[in-house]
Structure formats: C-alpha cells, structure tokens
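Subject: Structure for you to look at

Hello,

Please find the structure below, with notes on what was found in it. Have it open while you read.

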Amino acid sequence: MALVLDARLLLRKVQDLRCLTPRRNRVKDKWAATRPKYPPTALALKYFDSTYSTQLGQLWPSVRAALLSEKKYGALLNNFSSDALLEDFEAQGCRDFITDTDAQPVVEQEPEKGLKDGSEVTGRQWSPLQLSSKIKCVVFPRGDITRFKPARPDMFNLLGYYLMDAACVLPCLALDIHEGHNVLDLCAAPGGKALTLFQTQRSGEIVLCLVQNLSCMVPVGSRASPPPQSSFICLYIAGFLCLNDASHSRTLRLRKVIQSYVPKQLLNDQNLRIMSFDGTKWGEIERNTFDRVLVDVPCTTDRHSLMEDDNNIFSRSRTRERQQLPQLQLKLLLAGIEAACPGGEVLYSTCTLSHIQNVAVVEQAIHLAQENHGIHLQVVDLRPLAQMFRKTFHFAPDLHLGEMVIPHLAANFGPIYMCKLRRLT
C-alpha cells in the first residue's frame, strides 16, 4: 500500500512541469495581462442573450445552441480545375444543394408595406429565379457533421474546391449574374463570394490548349498530361469583375485565394481588377457603372464572436468600432447603390442576426438614396429563393425586408442576411 502511495506522489510531481523547471526560470501567471476576467466571447454571448432573445423570441434557444456548436461547411467546386470531383463527393453521400432543390413555388403578390420611418418602398419585384448552372456547391446530408478534407492542387496547380459556409453562396445566386455583366464586390475579402462571382461569369467546361496547330483539346475532368504553361489559353465569353477591400492585408489574402483557383491566363485587366480602396467613397470614382453590386459589409460576425477571442469585435479595445458598424454599413450600401447603373441590382448581405445591422440599414439606405441622391429603388422579393433551398437551410420567418439563414443543429449554416435592391433611376 505504501508503495502505491509513493508511486502516486511521484507521478504527481512528474506531471507538474514546474518541478522540472529551474527556480530562476519559473514565471508566475499574470492574470491581469494574459487572461481577462471577461473574455470577448463571454461578452458577445451576454450581449446576444440580451438582444436576440427579444428579437428572435422562442427561436433563440435553438439558434444559440447551433451558434455554440461546430459550424457546417460546403465545398464550392472549382470549374477551372481539371479534377472531376462531383462523383467522388456523391459517393461519400454529398449532394449539390443548388440542383437538388424544391420545385419553384408560385408566390402571390401582397400589398406593399411602408418602411418604419414612414417612407414607402418603390414597388416590390416578383421575378422568377434563374439559378446559374455553373455553380456547384456540395454539402453533407442534414445532421451529418462530417468534415471535408483539405483541397489538393490538380495537374495545373489549381485547387479543386473551396471550403466555405454554404449559405454564403446564396447572395451570389440571388444577384442573378449573367455572362457579360460588369460586377463589383465592394467588400470582397477573404474571397469565397468573389470566387463564386468569378465562376458565375465564366464557363470552365472546355479548355483549349494551343499545342502545335491548336490540335489538343482537353475537357475539364480529363486526366491527360498538361501542356506547357506558355502554350495554355482559354476561350470564354465573360464580363468584368472588380474586387475591392479596404484592408490591404485582407486584399493580399484575397489575391492569393484567386490565384489558387483561377488560371493565370484569366487574371488580366480585361477580366479582373483587385483593389484596396475605401469602399464608402466608391461613388466618388465610379458612378452608374456596374450591372450587379455585392455589398457584403463588415459586421459583428456572430459565430466568430462566440467562438474565437482573437480578432474579436467584442474586445473592449474595439468597443467604439463595434458601435460604429451600422454607420459604416450604411455608407457602404449607399456607395454600392451609387456604383450601380440604372436598372442594375445591388445585394446587401451580412453574417449577423442583428436587426440593427440588417433591416434597419436597408431601410435607411432606401430613404437616404431617394432623399439625398434622387435614386429610386425597388425591393426584389427573395422568398422564392428561400423556399427553393428550404431542404438545406433554415430561414427566419416574418422578415419584411430580405431573407436570413439562421443556424440550426440539423443544418448548422449561417447566419446570413441578404436583401436585393433594383435601382430604377
């Protein structure tokens, strides 16, 4: 018995690494400097409990549980990759949620609703959805939290798929981009939506290789040996995509993402422009220019705020920045509206559940665009989109402007809010 006690005592001493550290090298933990009493994640949870419990009511407990659980990913397939991955994913039980949808419903028109500030929305557009056949995003079945493996480069050194929240694809689908459209992504980093927009404009189905007399044709998915890079060209019909982000470091990351998925031959000034410019001032340099504008604004990023203390908007040092987010979002949306041409469309999106950062910003932008710039806007109803993808996502009920994907344990995507506006004048 004594031997057992001695062994336990010795084991405890060995497990305590401080016993093995020379006394002169021992350092006492400084709690005040290294471990805040209330970390940003705890502050975020406290704020969300007080705010979203009122906003979402009975939905909040289930949404809260999903936000605190591991998020679910989708794999956006790269059209420019030579690897045929869709069949491999289907063999693992995945499905392309964009093609596997409910039949498009017929939505009856309802009387117009005024905004809370008393102004009226100029019409509400009910248009049939035309989903791009070029975008494929696979997900595991509901309730399956299997993780995707990291993507590997193909024979052209392009990655086969991009892992992202599958709900992030919805704003790009809702924009209804066609070949020939000039598109602006005002807040493009880190690059998931930007890559989706680029693939929507361009067909990656056939790659023509200039070898000797242009005699070698390699369809996508072929295992044939690649030609020299100097003899590689692609034929396509496309528009122009402008990617912008105010942060220089995030713009560098965006550029690396694009280079990892898009052939170098397509990365030229005729197809793509990547900039680092203050998006709130975009209306001063390019007005009435773009057919489609995506304004995916900075927000409280609810899921990140609950899971990561690093770079958390709820850090006490970033309190002022967080309080000014609605003003920044409003300026960015107004700049996007100015950048769109008459008849063009603007899609506003966030990754937060906050009513102040979502519906309230859109309401103010509609009012200010008409009052200060003489721009009349039409809200495009996205309920048909929500009903098409209800097999994959959970949508918040009773939003009078836009649609919002809310996290759910069986389908833990989002949150993603989106509202589509058409510029009339």
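Strands and cysteines

Strands β1 and β5 (residues 161-164) pair in the antiparallel sense over 4 bridges. Strands here are DSSP runs (E, at least two residues), numbered from the N terminus, and two of them pair if DSSP finds at least two bridges between them. This is a predicted model, in which local features need pLDDT of at least 70 and side-chain atom pairs count only at pLDDT 80 or more, while totals for chains, interfaces and linings use all residues. Residues are numbered from 1 along each chain as its sequence is written, and side-chain values use heavy atoms, with hydrogens and water left out.

Buried means under 20% relative accessible area, exposed over 50%, and partly exposed in between (1.4 Å probe, protein chains only).

Now the cysteines. A search of the whole structure finds 0 disulfides, a disulfide being a pair of cysteine sulfur atoms within 2.5 Å. For Cys94, the nearest cysteine sulfur is that of Cys137, 10.0 Å away. Cys94 counts as buried because its relative accessibility is 6%. For Cys351, the nearest cysteine sulfur is that of Cys299, 3.3 Å away. Cys351 is partly exposed, with a relative accessible area of 27%.

Regards
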